[in-house]
Amino acid sequence: QVQLVESGGGLVQAGGSLRLSCTTSGRTFSSYAMGWFRQAPGKEREFVAAISGSGDYTTYADSVKGRFTISRDNPKNTLYLQMNSLRPEDTAVYSCAADERSSRTAVLSTPSAYHYWGQGTQVTVSS
């Protein structure tokens, strides 16, 4: 069983920045495909960004491309999401996800592809 714990959420003004972290309990973190998703009130879960186990491959939703950066520190078992130029429409609960069944080069952008989920952290962007 892999446990994921997000941190770093909070309240920020539009144009500001936040960095989310996701720490995992798994012993083979470098083999996990990882991703960030978000869900706003009344809306479906939305893909944000994903990274391969090796860290060499990434993909982003069009809505965050150029503003958000996903990265990972495999020795620290930690996934990051650097969020810059935040907008009110970025307000949501952000969750990280992990999957150990994929290849180390896989990037996964659909929720159903992931095996493990964190509980989420709230990000609120004020206008």
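Trainee: Is Trp117 buried, exposed or partly exposed?

Mentor: Trp117 is partly exposed, with a relative accessible area of 25%. Under 20% is buried, over 50% is exposed, and partly exposed lies in between (1.4 Å probe, protein chains only). Before we go on, this is a predicted model, where local features need pLDDT of at least 70 and side-chain atom pairs need 80 or more, while totals for chains, interfaces and linings use all residues. Residues are numbered from 1 along each chain as its sequence is written, and side-chain values use heavy atoms, with hydrogens and water left out.

Trainee: How do I read aromatic pairs, and how many does a search of the whole structure find?

Mentor: The general idea is that two rings are described by the distance of their centres and the angle of their planes. Rings of Phe, Tyr and Trp (its six-membered ring) pair if the centres lie within 6.5 Å; planes under 30 degrees apart are stacked, over 60 edge-to-face, the rest tilted. Searching the whole structure turns up five aromatic pairs.

Trainee: Which parts of the chain does the pair of Phe37 and Phe47 tie together?

Mentor: Phe37 is in strand S4 (residues 33–39) and Phe47 in strand S5 (residues 46–51), so the pair ties together parts ten residues apart in sequence. Strands here are DSSP runs (E, at least two residues), and helices are runs of H or I with at least four, numbered from the N terminus. Look at the accessibility too: Phe37 is buried at 0% relative accessible area, and Phe47 is buried at 15%.

Trainee: What is the geometry between Phe37 and Trp117?

Mentor: Their ring centres are 5.1 Å apart and their planes are at 55°, so that pair is tilted. With Phe37 in strand S4 and Trp117 in strand S10 (residues 116–117), the pair ties together parts that are 80 residues apart in sequence. Follow the ring pairs on and you get a cluster of Phe37, Phe47, Tyr114 and Trp117.

Trainee: Where does Tyr114 lie, and what does Tyr114 touch?

Mentor: Find Tyr114 in the loop between S9 and S10. Tyr114 is buried, at 6% relative accessibility. Contact means heavy atoms within 4.5 Å. Take Ala98: it sits 16 residues from Tyr114 in sequence, yet the C-alpha atoms are 5.6 Å apart.

Trainee: Which residues lie over the faces of Trp117 and Phe29?

Mentor: For a charge to sit over a ring, NZ of Lys or CZ of Arg must be within 6 Å of the ring centre and within 35 degrees of the ring normal. Arg45 does this over Trp117, at 3.9 Å from the ring centre. Arg72 lies over the face of Phe29, at 4.4 Å from the centre of that ring.

Trainee: What are the surroundings of Ser95?

Mentor: Ser95 belongs to strand S9 (residues 92–99) and is buried, with 9% relative accessibility. Beyond residues up to four places away in sequence, Ser95 touches residues including Glu6, Trp36, Phe37, Trp117 and Gln119. Ser95 and Arg45 are 50 residues apart in sequence, with their C-alpha atoms 9.5 Å apart in space.

Trainee: And where is Phe68?

Mentor: Look in strand S7 (residues 68–73). Phe68 is buried, with 2% relative accessible area. Among the residues Phe68 touches, again not counting those up to four places away in sequence, are Arg38, Val48, Tyr60, Leu81, Met83 and Tyr94. Leu81 is 13 residues along the chain from Phe68, with 6.7 Å between the C-alpha atoms.

Trainee: What should I look for in the backbone angle phi of Asn77 and Ser85?

Mentor: Most residues other than glycine have a negative phi. Asn77 is not a glycine, yet has a positive phi of about 55°; Asn77 is in the loop between S7 and strand S8 (78–83). Ser85 also has a positive phi, about 50°, without being a glycine. Ser85 lies in the loop between S8 and S9 and is partly exposed, at 41% relative accessibility.
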